[in-house]
Amino acid sequence: MAQTHELKFENPSFAKRIKGMLGVDFYRLFHTPMYYIFLAIAAIIPAMIVSMTGADGGQTMYTNVWNIVAADSPRYIVHNIGEYANMNMVFIFGGIMVSIFIGHDYRSGYVKQLFTTHAKKRDYMISKSLVSAFSMACMCVTYLIGGVVGGMISGLSFEVNISSLLIAILGKVVMSLGWASLYTFLNVIFRRYFGISVAASFFIGTGIPIIGAAAIIGNNSLLNVFLYGSSVYACLSSNIVTMLVCAVVSVAWTVIYNLLGSLVLSRCDVY
Amino acid sequence: MNAIEIRGLSKSFRGLYAVDNLNMTVPVGAIYGFIGENGSGKSTTEKLICGHLVPDKGSIKLFDRPYTDAGVRVRVGALIENTGCFPNSSVWDNLMMQAINLGLSDRAGEIDRVLRIVRMEDNAKLKFKKCSLGMKQRIGIAMALLGDPALLILDEPINGLDADGMRMMREILVDITQQYGCTVLISSHILGELEKIATHYGIIRQGKMIQELSAKDLEGRAKVFTSLKTQNMQGAFGFLRQKFPDVRAEDGYIRIYDVDDTEGIVGLLMQNNFPVREIKKNKIGLEEYYIELMSKKEA
């Protein structure tokens with residue numbers, strides 16, 4: 001099947017380019033055990049936390065099982081572990097997973113194949129952000145399942161405003177895109193330093209910078225312009241405004257991080 | 001049309017120029033042997049062509065288009081430094097990922113085709129990390145061949161291969177240029193092997209292209225010489241130096257460059273009581289040409 005005699009060069013459309021890169025990223029994701037391990041971790045951790053809460057005679061972290069998804073109200077200042085340990089932890093697991101996933105591109109040298117055939121660097125940013133967002137959204141689902149199972153075991157109350165709960169869950173799923181873009185950007189910045197990229201993703205994912213800022217300026221809704229702030233804002237008293245805030249913040253940061261990442265990749269050596 | 005046309009290309013790392021005002025022309029359909037010592041800038045040039053590095057200045061055109069053009073880059077296959085495969089995935093999976101990346105429609109068919117070309121069809125299920133060096137190099141070529149590449153950029157693909165592996169690689173490269181019409185840019189230290197397949201050469205030193213020539217040019221420029229042994233090597237050497245402009249004592253022989261009249265030399269030596277034990281006509285190869293060029297540059 002000799003076919004290379006023709007010297008025609010057709011510019012592939014954006015859709016075709018992104019389809020190719022997304023295809024390979026999803027293929028890799030579904031063929032790597034790490035993805036399934038992280039899905040399991042995202043399920044086991046909340047199940048364990050909720051179960052242990054029930055077993056704790058003295059202190060009760062949660063009275064309601066849905067607190068494992070989100071706090072009752074947006075609390076940027078953390079007073080106890082119960083206010084902190086909720087679905088936002090998925091963004092910590094996700095950060096580590098994304099760092100390993102992207103780090104593997106560089107360590108194996110596969111990134112050379114990608115950048116040889118894809119002249120447009122933004123394809124890489126977009127594809128990695130979308131695949132990472134998908135994997136974090138999947139982690140949100142397994143987290144929810146783990147939390148509910150743990151809650152059932154520990155016999156906690158399931159009473160909740162269902163629309164607020166759905167908005168809180170959807171809000172956090174929507175936030176996955178912004179977080180995924182942030183982690184992709186961090187990994188592009190630290191592409192030569194795998195350890196640093198994992199540590200940076202973990203540190204940012206914990207929300208410590210925003211929690212620190214909140215300790216200074218208080219529970220200020222201005223913090224919602226940041227990814228962690230909006231993720232906290234998606235709580236059990238959410239309404240449609242919360243959903244809008246999450247969507248706008250997530251998309252805005254996605255655009256910013258994708259532009260910055262593409263800029264870095266096109267102005268600097270790719271590895 | 002040239003497959004690669006580079007003008008005034010420079011790339012520095014921390015102030016040191018790895019590629020310095022480089023010009024390069026690779027005609028379509030050529031097997032271009034890219035020669036230079038370690039650190040001369042071969043790999044950097046190849047990475048620049050593939051868009052892995054950002055040049056400080058200069059222009060790179062591939063098939064008369066800017067190298068950043070998505071249409072031309074999708075038809076570039078590369079094997080630079082390592083294969084770029086995931087070690088825990090099988091050979092097939094690695095090729096499948098590249099086939100998906102390229103957006104190929106008949107992926108399985110394409111993978112079978114390239115595996116046949118590199119003679120790896122029986123090892124498709126093997127994990128990449130279990131493959132030998134020679135197999136890895138061939139998988140790298142297979143990756144680069146997927147789709148419809150018009151240009152292959154291969155960085156030291158024959159390094160570390162045994163004689164049989166080198167022969168196989170040589171046959172594969174000749175096959176793909178003749179059957180599939182690819183242009184191949186190949187860098188190697190093993191000049192003897194390169195000489196057997198290259199149609200053009202580029203010699204780079206300290207980031208600068210010091211000479212580009214075709215295999216025909218090399219043939220024309222390559223010096224002929226006569227090498228001989230006599231009973232009295234010292235005396236004959238002194239005598240011949242008076243008669244010919246370029247006489248050297250090398251490798252236990254007296255070499256008379258640019259002269260291939262063996263009968264005349266034998267006659268001359270016999271007349272002057274230097275009986276000849278052994279005499280033969282020679283032509284210097286790529287390796288000697290390269291060494292001579294380098295020593296001239298150093299001088």
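Colleague: Why does Tyr124(A) count as buried?

Modeller: Its relative accessible area is 0%. Buried means under 20%, exposed means over 50%, and partly exposed is in between (1.4 Å probe, protein chains only). At 0%, Tyr124(A) is therefore buried.

Colleague: What kind of model is this?

Modeller: It is a predicted model, where local features need pLDDT of at least 70 and side-chain atom pairs count only at pLDDT 80 or more, while totals for chains, interfaces and linings use all residues. Residues are numbered from 1 along each chain as its sequence is written, chains are lettered from A and ligands numbered from 1 in the order in which they are written, and side-chain values use heavy atoms, leaving out hydrogens and water.

Colleague: Why is the pair of Tyr106(A) and Tyr124(A) called edge-to-face?

Modeller: The structure holds 18 aromatic pairs over all chains. For this one, the ring centres are 6.4 Å apart and the planes stand at 80 degrees. Rings of Phe, Tyr and Trp (its six-membered ring) pair if their centres lie within 6.5 Å; planes under 30 degrees apart count as stacked, over 60 as edge-to-face, the rest as tilted. So the two rings pair, and their planes make the pair edge-to-face.

Colleague: Where do Tyr106(A) and Tyr124(A) lie in the chain?

Modeller: Tyr106(A) is in helix H4 (residues 89-108) of chain A, and Tyr124(A) is in helix H6 (residues 121-154) of chain A. They are 18 residues apart, and the pair links distant parts of the chain. Helices (H or I, at least four residues) and strands (E, at least two) are DSSP runs, numbered from the N terminus. Tyr106(A) is also buried, at 13% relative accessibility.

Colleague: What makes the pair of Phe225(B) and Tyr257(B) tilted?

Modeller: The rings are 5.0 Å centre to centre, with 40 degrees between the planes. That angle leaves the pair tilted. Phe225(B) sits in strand E11 (residues 224-230) of chain B, and Tyr257(B) in strand E13 (residues 253-257) of chain B, 32 residues apart. Phe225(B) is buried at 3%, and Tyr257(B) at 4%.

Colleague: How do you know that Arg28(A) lies over the face of Phe101(A)?

Modeller: Arg28(A) is at 4.1 Å from the ring centre. A charge sits over a ring if NZ of Lys or CZ of Arg is within 6 Å of the ring centre and within 35 degrees of the ring normal. Arg107(A) lies over the face of Phe194(A) too, at 4.2 Å from the ring centre.

Colleague: Lys128(A) lies in helix H6 of chain A. Why does Lys128(A) count as buried?

Modeller: Its relative accessibility is 0%, so it counts as buried. Neighbours within four places in sequence aside, Lys128(A) is in contact with Asp25(A), Phe101(A), Ile102(A), Asp105(A), Leu114(A) and Thr184(A). Contact means heavy atoms within 4.5 Å.

Colleague: What makes a nonpolar core, and how many residues has the largest?

Modeller: It is a set of buried Ala, Val, Leu, Ile, Met, Phe, Trp, Tyr and Cys residues joined through side-chain atoms within 4.5 Å. The largest has 136 residues. Those with the most contacts inside it are Tyr124(A), Trp179(A), Ile141(B) and Leu173(B). Helix H7 (residues 162-189) of chain A gives the largest share, eleven residues. Another core, of 30 residues, lies apart from it; Ala3(B) and Phe63(B) are among them.

Colleague: What makes E9(B) and E10(B) a strand pair?

Modeller: Two strands pair if DSSP finds at least two bridges between them. Six bridges join strand E9 (residues 200-205) of chain B to strand E10 (residues 208-214) of chain B, and the two run antiparallel. Arg205(B) stands opposite Lys208(B) in E10(B). The strands form a hairpin with two residues between them, and Gln206(B) in the turn has a positive phi of about 50 degrees.
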